[in-house]
Structure formats: structure tokens, C-alpha cells
Amino acid sequence: MAALAPLPPLPPQFKSIQHHLRTAQEHDKRDPVVAYYCRLYAMQTGMKIDSKTPECRKFLSKLMDQLEALKKQLGDNEAITQEIVGCAHLENYALKMFLYADNEDRAGRFHKNMIKSFYTASLLIDVITVFGELTDENVKHRKYARWKATYIHNCLKNGETPQAGPVGIEEDNVDAEENEDAGAASLPTQPPQPSSSSTYDPSTMPAGNYTGIQIPPGAHAPANTPAEVPHSTGVASSTIQPTPQTIPAIDPTLFNTISQGDIRLTPEDFARAQKYCKYAGSALQYEDVSTAVQNLQKALKLLTTGRE
């Protein structure tokens with residue numbers, strides 16, 4: 001991919017988007033789609049902050065040039081031309097980063113790469129807002145990931161051993177600015193992240209898959225994942241073993257349901273059904289049959305009854 005023209009110095013007004021822009025740069029080669037949407041989020045946020053000051057206008061103009069160049073390079077990539085595909089791509093990418101960090105956390109492996117993965121996952125959930133309002137699950141994941149990055153960073157900085165997994169600390173009490181500083185301070189520039197082929201570097205990736213992750217509800221952690229990955233067992237040792245998948249029971253009524261003539265589906269209904277199908281396809285890429293079945297059932301129910 002051709003190199004993008006550099007941006008001018010970041011105006012102080014845009015401090016809140018500096019980490020999103022850094023994440024974009026880190027993904028220019030790993031995943032250009034992620035890089036594109038990180039810049040789009042920075043552009044939209046920057047426009048809301050200040051689009052009139054000369055230095056801000058100049059910065060935003062150059063950022064727009066980068067976006068146009070990226071869009072031209074990506075051509076007919078579905079994740080760019082279709083918002084539903086782009087949203088699913090970004091959510092799945094953020095989910096993989098979150099689960100990698102959470103598995104490391106639960107196994108008691110505390111290190112800077114894991115902190116960076118937690119924090120980057122939270123930044124990518126910010127970016128998902130370019131497609132609209134976040135789901136409750138995404139909001140909880142963002143809050144938990146940013147809090148975890150701060151908590152583990154501070155423990156390591158102070159020579160303390162962090163507690164693995166959810167602990168009884170109110171993340172509401174963690175200052176937002178401290179979150180930003182802790183998440184990005186003294187971190188490597190090449191953390192283990194999904195590449196454009198949706199896999200991690202095997203040298204940094206624990207053995208096994210991530211379908212067995214469990215975060216207990218009510219313990220300052222999301223009750224489930226954005227793609228609704230089922231929970232079976234928690235991570236209890238330094239070696240993460242593959243977890244047998246439990247396939248959810250198929251609702252027998254779905255086999256006999258025929259869409260009635262008086263059911264009128266809205267464009268939003270079709271968009272949601274398509275989104276569920278995209279989630280199912282992404283889940284199958286990770287061999288997560290249970291999540292694929294759940295999302296396909298949701299799509300079928302919506303299309304045949306008009307209800308979710």
C-alpha cells in the first residue's frame with residue numbers, strides 16, 4: 001500500500017484523538033480497513049471540536065486527503081463500500097483484541113503488550129461510533145478494557161501484582177485522562193494484534209481458541225462479547241486449552257414459520273438481518289459454530305416474524 005502524506009503537527013485542541021490517529025498509523029499495513037475508519041473517526045470528532053481555527057482547518061484538510069487516498073487505494077473493498085460489512089469487520093477486530101488481552105489477564109500474564117491490546121480495543125470501540133450508536137455490550141467492553149489497561153499499568157508501575165480477571169474496583173472512579181495516559185504510556189509500538197488475515201503472530205498468541213472466555217456478569221466486566229460469543233469455562237491456567245463448543249438448541253418453531261403477508265419489514269429490519277448474517281459469517285471464520293447459529297436464528301426470526 002502506498003505511503004500516505006504526513007500530517008502537520010497535531011493542534012492541542014485535538015489531543016483527544018491523538019491515540020486514534022496513532023492506532024491508524026499502526027494499522028496502515030496490518031489492516032488498512034481499520035486504519036481508514038480510525039482516521040474517519042478522528043476526522044468526524046475533530047470537525048466537532050474545532051473546524052474554524054486555521055491550524056485545525058489545515059490539519060483536518062490534510063487528514064481528509066489521507067482518507068481520500070486510502071479510499072482510492074482500497075477500491076471496491078466491501079468493508080469500505082458497505083457500512084454493515086465495515087461495522088462487522090471493526091467489531092470483530094476489536095473483539096479479538098479484547099479477548100486476547102482478557103485471556104492474558106486471566107492467565108496472570110501481565111505485560112505491556114496486553115495493556116496495549118486492552119487499550120487499543122477500547123479505542124476501536126470508540127471508532128465503531130462512526131456507524132451509529134454503540135450497543136450496550138460495546139459500551140461495557142470499552143469501559144472495562146480502558147479500566148483494565150489503567151489498573152494493570154498502575155500496578156506494574158508501582159511494583160504491585162495485579163489481580164487477574166474482574167476485581168472489585170469501581171471503574172467509575174478512574175479518571176478519564178488517567179485512562180488515556182496509562183493506556184498509551186511506555187507501550188511497545190508493535191503489540192500483538194490481528195493482521196489483515198485476522199490472525200495474531202503465533203509467537204505471541206497463546207495456544208487454543210477464544211470461545212471459552214467467561215466474564216462473570218456484575219463483576220465490573222461485560223456479561224458477553226459484542227458478537228455474543230458463548231461462555232463456557234474461564235481461563236484458569238497459563239496454558240489456554242481449547243474449549244468444547246456447546247451448540248445452542250435450534251428453536252423448532254423457526255422451521256415451520258412462514259412469513260405472513262401482513263408482515264412488513266422496514267429497511268432497518270433488513271439491515272439488522274444482514275448484520276446478523278455477517279456476524280454469523282465472521283464467527284464461522286473463527287470456527288465458532290455456536291455464535292454463528294445464534295446469529296442465524298436471530299436473522300431468521302426477524303425475517304419471518306418482523307420481531308427480534
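Okay, hi everyone. One thing before we start: what you see is a predicted model, so keep that in mind throughout.

Let's begin with the overall layout. The protein has 308 residues, and 47% of them are buried. What is the secondary structure made of? It comes to 11 helices and 0 strands. If you read along the sequence, you just get α after α: α-α-α-α-α-α-α-α-α-α-α. The accessible surface comes to about 15200 Å², and carbon and sulfur atoms own 52% of that. Now think about contacts between residues with a separation of 6 or more: 74% of those involve residues 24 or more positions apart.

How many aromatic pairs does a search of the whole structure find? The search gives 8. I'll show you two of them. When you describe a pair of aromatic rings, you give the distance of the centres and the angle of the planes. Take Phe-98 and Phe-118: their ring centres are 5.9 Å apart and their planes sit at 75°, and over 60 counts as edge-to-face, so that is what we call this pair. This pair also links distant parts of the chain, with Phe-98 in helix H5 (residues 83-106) and Phe-118 in helix H6 (residues 112-127), 20 residues apart.

Tyr-144 is buried at 0% relative accessible area, and Trp-147 counts as buried at 2%.

Ring pairs join Phe-98, Phe-118, Tyr-144, Trp-147 and Tyr-151 into a cluster. So which residues does Phe-118 touch, if we skip those up to four places away in sequence? The list is Phe-98, Ala-101, Asp-102, Asp-105, Tyr-144, Ala-145, Lys-148, Ala-149 and Ile-152.

In soluble globular proteins, nonpolar side chains tend to be buried together. The largest nonpolar core here has 53 residues, and the members that touch the most others are Tyr-36, Tyr-37, Phe-98, Met-114, Phe-118, Leu-124 and Ile-152. Which elements give two or more residues to this core? They are helix H1 (18-26), helix H2 (32-49), helix H3 (54-74), helix H4 (78-81), H5, H6 and H7. H5 gives the most, with 10 residues. Why do we say that the core lies between domain 1 (12-81) and domain 2 (83-158)? Because both domains give residues to it.

Leu-40 sits in helix H2. Its relative accessible area is 19%, and the cut-off for buried is under 20%, so Leu-40 still counts as buried. Leu-40 touches Leu-67 and Val-130, not counting residues up to four places away in sequence. Have a look at Val-127 as well: it is 87 residues from Leu-40 along the chain, yet their C-alpha atoms are separated by 8.1 Å.

Compare that with Thr-81, which lies in helix H4. The C-alpha atoms of Thr-81 and Lys-71 are separated by 9.2 Å, and those two are 10 residues apart along the chain. Beyond its neighbours within four places in sequence, Thr-81 is in contact with Gly-75 and Asp-76.

Last one: cysteines. How many disulfides does the structure hold? The number is 0. Cys-56 is buried, with a relative accessible area of 0%, and Cys-87 is buried as well, at 6%.

Definitions and conventions: Residues numbered from 1 in each chain as written. Predicted model: local features only at pLDDT ≥ 70, side-chain atom pairs only at ≥ 80, totals over all residues. Heavy atoms only, no water. Phe/Tyr/Trp six-rings, centres within 6.5 Å; stacked < 30°, edge-to-face > 60°. Helix = DSSP H or I, 4+ residues; strand = E, 2+ residues; numbered from the N terminus. Buried < 20%, exposed > 50% of the residue type's maximum accessible area, 1.4 Å probe, protein only. Contact = heavy atoms within 4.5 Å. Areas by Shrake-Rupley, 256 points an atom, 1.4 Å probe, with all protein chains shown as cover. Core = buried A, V, L, I, M, F, W, Y, C linked by side-chain atoms within 4.5 Å. Domains from an automatic or database assignment. Disulfide = S-S within 2.5 Å.
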